[in-house]
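Here is a short tour of a structure, written to be read with the model open beside you. Please have your viewer ready.

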Amino acid sequence: MRLGIGLSTRITLAALLLVLGGGLLWIGKENDQLHQNFLSDRNADLETALHVEKVRLGQSIEVLRQDVVFLANTPPITGLIRASANYGLDPRDKNSYATWEARLQEIFAAFLRAHPDYYQVRYIGAAGEGMELVRVERRDGRVEAVPHDSLQAKGDQEYFRDGLMLTAGRVQLSEFDLNKEHGKIEVPHRPTLRAVTTVFDASGRVFGMVVINKDLGPLFDLSSTGLPPGVQALIADQYGHYLHHPEAQRAFEFELGSSRKITDDFPSLEPMFESQSKLNKLSFHAVDSANSGYLAAERVFFDASDPSRFLLLAYHVPERLVSRQVTGIPLPNIVQAVFVMLAVSLLFMLMLRYTFAPLKRITAAAMEIAAGNRNIRLPKKGGGEVGELAEALNIMLDKLLSGDQIERESAFRKELIESLPGVFYMLDTQGRFQMWNRNLEQVLQCAPEELANRSALEFFKGENKVKIENAIQQALELGSASVEAILLSRDGTATPYHFTGRFVVRGETPLVIGLGRDITEQRRAEAVMSRHKVVIETAHDGYWLTDAEGNLQEANEAYAELSGYSVEELKGMHISQLEAREQSREEVLVHITKIIAVGYDVFETRHRHKHGHVIDVEVSTTFMNESQQFVAFVRDISARKRAEEELRIAAATFETHDAILITDARINIIRVNRAFTEITGYSADEVLGNNPGMMRSGRHDKSFYAAMWRQLNETGAWAGEIWDRRKNGEIYPKWMAITAVKNEHGKTVQYVAIFSDITVRKQEEEEIRSLAFYDALTRLPNRRLFLERFQAALASSARYGDHGAILFIDLDNFKQLNDTRGHDYGDLLLVEVAQRIKSCVREIDTVARLGGDEFVVLLENISSEREDASLKAGLVAEKIREALALPYQLKECEHDSSPSIGISLFQGNTESMEDLLKYADLAMYQAKSAGRNAVRYHDPDLQRYWESMAGKLLGGTQ
């Protein structure tokens, strides 16, 4: 006897291996799907973060450029140049070098207080070693000017050498490095970017340069704001050196001698640093290096004069974060699944042993039959193939018995045929009846002799006849066939039947035997069910039909796909087996009771998938009181929930201190952040769906917006200063950057605008401008602003041909008041004089103080006729003289004063401003020589004309 593993055991082991293999494949697939979902969410987050941070970095550096140019154009800069060229005294404004230096320190200090991200402003001389002339810096929260003995030479700095090569109006940005003082890196470290612009003297030679130091720490720290926990923000320069890293010691480590670069950690970034590379962006991708995980990166170009300079902004999702976030299938579910598989395998093995047990008895019976013993019977236990084998052996034994037993068996079979439901028939190869039962005679309404050798095809018509003929042929050729066709009785009654046929050989004659079943009721039921099924199965949502206790009676394929169960598995299940939020059968029954009381309900919940994970669903159910059943439609809302989660994560990045406004392609607002509401006063509900034009200030004309949109359409971006209106009607300035977002086909689908309120900055700039362009005592325009307006007046006079005039005014004996009463009395007099002069001229005219007790008045567009212009200028001068000659009340004492006024006329720009001012100055001295308190023209002809007309005009006015 040969030993071996039993057939049932082998089958059981094979089935167990298949079940375990399928379970492992399922676990792997589910984990992979969760992994992909997590990466897709992170990809969307990082794309938004890259775009916002790119705009923020570019905007911050552009503002730095504008600020250094603004400081270089302030009057103290040019005042220092003139004073340096004239032995320490500015010949134009009569200010000393020290006065201009103090004024420049005030402007630098005010500027630093207005811009907390700048920590140092310096003015460096170009001569010699590049010595600092003025330096103001922020230390320990205080803004102070650095004493002269602490100023440094910066001639060895690369940014100084680059600044010497700049042309007027150009700005040079330094490399990104750590700030150094006295040749050593400052501690604590301060990441720095410097903006340099050059200052030229009157002959066009380089005199010096203005340098602003920007603290990059707060700017770079913003790149990590709002990111999901664990996601790392990285910034590198064009050489691959780290400027920002989650590990603080890695940032700017190249300044301390380290040669490590970002490409050492992430080799996939190397193509972005190659010369002539046009690869500006790397989409979200897996990283195959020591820093495993996923990475997205983009280059930020910030220097239009040097395209090779850029910052690389990257976001890294470490593999450990992915592993921690993607939890996979819960361990209890896996353990439960394995336990069920083992239990099923054990049960399967026991069933096989029970099923194959009769084989031993059959084997023993076969041995006795082989020995000649035929008086045995095999027990008819078991089913399937084993039972059929036992039955076959019994039949074989029966055939070996006597002929009487065979005849009895034949009679039994005939009786069996007659008792079959439906019709029975036997046909030859031509389709003629050879045998049939009484049911067939009754259906066809024919006697036995009428059916003998009659063709079955005679009882069918049209396509039904063709179907029967083909089915007979199929049974003869393939062994079996089935078909549905309409059977016609003698009286014409048409009845649908389902016919089956099987090929047999009787003796040597080939025959077809079969059964026919009346399917009239089945057809009716199928029609009803078909209509019901079309409605249910074509629905995209899942469908249930349950009884009043919550047991499923029907479900459609849509819900089967949603839940992972087959339709047959779902039938008979209770709702609590699928419900994942209501934890027990009792909770489900409480909910069912509430729905029955109301009659319907729509609610969100979670259903448990067959494989263990949960699905967010929305259930809409109605209770049918007549049938005591629930009809429910179940919709998968997992995608919507994921989208809501994506929006929640994106909102963290979206909610920055800068306002963000997003529109669709039709310029309708679709989203704003909290900073937008804080700046504009409008809530999201008030602006969504509206055009941003609702906030226009009215300060910009159509050409401004046309130019803005032209640039936006041509380049995809626009940035600049713009004035808008808040909800409360207040008009305010803001700095705004707009970017067009395009799809993969290059079509604009959205516009993203990022802006900040620069009201405070404009006010501070206006304060600085006031220091630069207005006299601190009288608040009148100073020499610089006066000359700008004078230049514009000359251009206007040349364009329109009108005459204008310059009135040079000097107070008589002003020095005597200062010497006797003191400078405070002199200051009071100057303030009063300024007010009286302004009251004597038009709004369009300019009154300026040039210094000391010297004032000048610019009269524009007086007349196109020279004599008429001279008379009008003389009348204004006489009005001013009379006003200034009236007594003054200075504190407790009364003071008398008078002016000497000189006049020069101009038309067009044929003569320079310097000559015209000189003419008016000479005329003023002529007035003093004539005894003071007088008006004189520079042109003798005009003076004579005035003297001839003055008596008439002034007498008439009196």
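The report below covers a pocket, a hairpin and some salt bridges.

## About the model

This is a predicted model, in which local features need pLDDT of at least 70 and side-chain atom pairs count only at pLDDT 80 or more, while totals for chains, interfaces and linings use all residues. Residues are numbered from 1 along each chain as its sequence is written, and side-chain values use heavy atoms, with hydrogens and water left out.

## The second largest pocket

The second largest pocket has a volume of about 1300 Å³. A pocket here is an open set of points on a 1 Å grid over the protein atoms alone, where a 1.4 Å probe fits, with protein on both sides within 12 Å along at least five of seven lines; lining residues have an atom within 4 Å of a point. Of its 46 lining residues, His51, Lys54, Val55, Ala717 and Thr739 are the closest to the centre.

Helix H1 (7–72) gives the largest share of this lining, 14 residues. Other elements that supply at least two residues include helix H21 (702–715) and strands E27 (717–725) and E28 (731–742). Helices (at least four residues, H or I) and strands (at least two, E) are DSSP runs, numbered from the N terminus. By class, the lining of the second largest pocket holds 24 nonpolar, 10 polar and 12 charged residues.

## An enclosed hairpin strand

Strand E31 (residues 846–851) has 5 of its 6 residues buried, so it is largely enclosed by the rest of the structure. Buried means under 20% relative accessible area, exposed over 50%, and partly exposed in between (1.4 Å probe, protein chains only).

E31 pairs with strand E32 (residues 854–863) in the antiparallel sense over 5 bridges; pairing requires at least two DSSP bridges between two strands. Val847 has Val857 of E32 as its bridge partner. The two strands form a hairpin with 2 residues between them, and Gly852 in the turn has a positive phi of about 55°.

## Salt bridges

The whole structure has 49 salt bridges, each a side-chain nitrogen of Lys or Arg within 4 Å of a carboxyl oxygen of Asp or Glu. In one of them, Asp67 and Arg761 have their closest N and O atoms 3.2 Å apart. Asp67 lies in helix H1 and Arg761 in helix H22 (residues 759–773), so the pair ties together parts that are 694 residues apart in sequence. Both Asp67 and Arg761 are buried.

Glu721 and Lys762 also form a salt bridge, at 2.9 Å between the closest N and O atoms. Glu721 is partly exposed at 31% relative accessibility, and Lys762 is partly exposed at 25%.

Terms used
Points joined across faces, edges and corners; volume = space filled by probe spheres on them. Nonpolar A, V, L, I, M, F, W, Y, C, P; charged D, E, K, R; others polar.
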